[in-house]
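Biologist: I have not looked at this one before. Can you take me through it piece by piece?

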Amino acid sequence: MIGSSFVVRAASEDEAAACVDLWVAAVSVRDAVPESDAVRARALAKFAEPRVALVVAADPGERRDAVAGDPGDASDAVAGDARVAGFALVTAPGTGGPGDPEDAAYLSLLAVDPRTQGLGLGRDLLRAAVDAASRAGHARCVLHALEDNAPALGLYRSAGFRPWGEPFAHPLSGRPTRAWVASGDRPGPECDAVTRGSAPSRGPGAHRPGSATGPTSPAVP
């Protein structure tokens with residue numbers, strides 16, 4: 001349980017689409033640009049990779065349609081209908097970049113709805129994702145983060161992630177990006193994350209407003 005209502009848990013398969021929507025919105029807020037079809041396509045491609053784990057921060061008391069503008073009666077919300085306020089996607093080793101450690105699971109995307117930033121959801125999602133990867137047999141996790149995404153980098157470093165290799169250009173924006181690696185016994189951040197103040201690494205996303213509070217702010221590219 002996070003705060004008064006958010007719960008971090010394994011996602012149901014029908015929540016993947018909501019995670020993609022959150023990522024696209026978060027990147028848009030983070031970079032102050034219109035929502036992009038290219039960002040959506042990149043996120044969908046990441047969700048199509050062999051999956052290790054997908055965890056979400058959900059509010060069981062608020063239905064998705066209420067967030068979309070139809071207040072309805074939130075009292076009849078069910079777990080599968082809960083609003084997704086954040087998520088972290090981990091895919092199999094080798095799905096990140098050619099310079100990543102061969103044995104490391106890839107924290108591909110991490111985002112928090114900007115409206116819920118400041119509640120620690122990004123950190124909880126990060127830890128849950130790394131723990132899930134460890135339980136699946138992956139001793140290390142790697143994520144890609146924009147070099148200028150200070151908030152996201154601070155989160156990753158505090159979670160035990162450390163820079164790995166040389167910076168490279170982000171596939172979509174060309175912005176300097178670097179891999180960060182953490183061992184399973186040292187919980188660390190993500191991959192492409194969206195939370196206010198963070199930027200994407202090799203995937204769409206950054207740690208800014210679409211990932212942690214409000215729309216979505218990617219922490220990992």
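**Order of elements**

Modeller: From the N terminus on, the protein chain runs β-α-α-β-α-β-β-α-β-α-β-β-β-β. This is a predicted model.

Biologist: How many helices and strands is that?

Modeller: The protein chain has five helices and nine strands.

Biologist: What share of the residues in the protein chain is buried?

Modeller: Buried residues make up 54% of the 221 residues.

Biologist: And what part of the contacts comes from residues 24 or more positions apart?

Modeller: Counting contacts with a separation of 6 or more, residues 24 or more positions apart account for 70% of them.

Biologist: Let's go to helix 1. How does its length compare with what its residues should span?

Modeller: Helix 1 covers residues 16-31, which is 16 residues, and at 1.5 Å a residue they should span 22 Å. The end C-alpha atoms are 23 Å apart, which agrees.

Biologist: Which residues of helix 1 are buried?

Modeller: The buried ones are Ala 16, Cys 19, Val 20, Leu 22, Trp 23, Val 24, Ala 25, Ala 26, Val 27, Ser 28 and Arg 30.

Biologist: Pick one, say Leu 22. What is its relative accessible area?

Modeller: Leu 22, in helix 1, has a relative accessible area of 7%. That is under 20%, so Leu 22 counts as buried. The C-alpha atom of Leu 22 is separated by 7.6 Å from that of Gly 86, 64 residues apart along the chain.

Biologist: What follows helix 1?

Modeller: Ala 32 does, and its phi is positive, near 55°. Ala 32 has that positive phi although it is not a glycine. The residue sits in the loop between helix 1 and helix 2.

Biologist: Is Ala 32 buried or exposed?

Modeller: Ala 32 is exposed, with a relative accessible area of 69%.

Biologist: On to packing. At what angle do helix 1 and helix 2 pack?

Modeller: The angle is about 140°, and the axes are 9 Å apart. Helix 2 covers residues 37-47. Helix 1 passes helix 2 in a right-handed crossing.

Biologist: Which residues of helix 1 and helix 2 meet there?

Modeller: From helix 1 there are Ala 16, Cys 19, Val 20, Asp 21, Trp 23, Val 24 and Val 27. They meet Val 39, Arg 40, Ala 43, Leu 44 and Phe 47 in helix 2. By class, this contact has 10 nonpolar, no polar and two charged residues.

Biologist: And what about helix 4 and helix 5, at what angle do they pack?

Modeller: Helix 4 (residues 121-135) and helix 5 (residues 150-158) pack at about 45°, with their axes 11 Å apart. That angle makes helix 4 oblique to helix 5. Helix 4 passes helix 5 in a right-handed crossing.

Biologist: Which residues in helix 4 and helix 5 make the contact?

Modeller: Gly 122, Arg 123 and Leu 126 in helix 4 meet Leu 155, Tyr 156 and Ser 158 in helix 5. Sorted by class, the contact of helix 4 with helix 5 has three nonpolar, two polar and one charged residues.

Biologist: New topic, Ala 104. Where is it?

Modeller: Ala 104 is in the loop between strand 3 (82-91) and strand 4 (105-112). At 1% relative accessibility, Ala 104 counts as buried.

Biologist: What is Ala 104 in contact with, leaving aside its neighbours within four places in sequence?

Modeller: Its contacts are Pro 93, Gly 94, Arg 140, Cys 141 and Val 142.

Biologist: Last one, Ser 183. Which strand does it lie in?

Modeller: Ser 183 lies in strand 7 (residues 176-183). Its relative accessible area is 28%, and Ser 183 is partly exposed.

Biologist: And what does Ser 183 touch?

Modeller: Not counting residues up to four places away in sequence, Ser 183 touches Val 130, Ala 139 and Arg 140. The C-alpha atoms of Ser 183 and His 138, 45 residues apart along the chain, are separated by 8.8 Å.

Note on methods: Residues are numbered from 1 along each chain as its sequence is written. This is a predicted model: local features need pLDDT of at least 70, side-chain atom pairs count only at pLDDT 80 or more; totals for chains, interfaces and linings use all residues. Side-chain values use heavy atoms; hydrogens and water are left out. Axes are lines fitted to C-alpha atoms, for helices over the stretch in contact, and angles run from 0 to 180 degrees between N-to-C directions. Helices (H or I, at least four residues) and strands (E, at least two) are DSSP runs, numbered from the N terminus. Angles under 35 degrees count as roughly parallel, over 145 as roughly antiparallel, 65 to 115 as roughly perpendicular and the rest as oblique. A crossing is left-handed if the near helix is turned anticlockwise from the far one by less than a right angle, and right-handed if clockwise. Contact means heavy atoms within 4.5 Å. Ala, Val, Leu, Ile, Met, Phe, Trp, Tyr, Cys and Pro count as nonpolar, Asp, Glu, Lys and Arg as charged, and the others, Gly among them, as polar. The expected span of a helix is 1.5 Å times one less than its number of residues. Buried means under 20% relative accessible area, exposed over 50%, partly exposed in between (1.4 Å probe, protein chains only).
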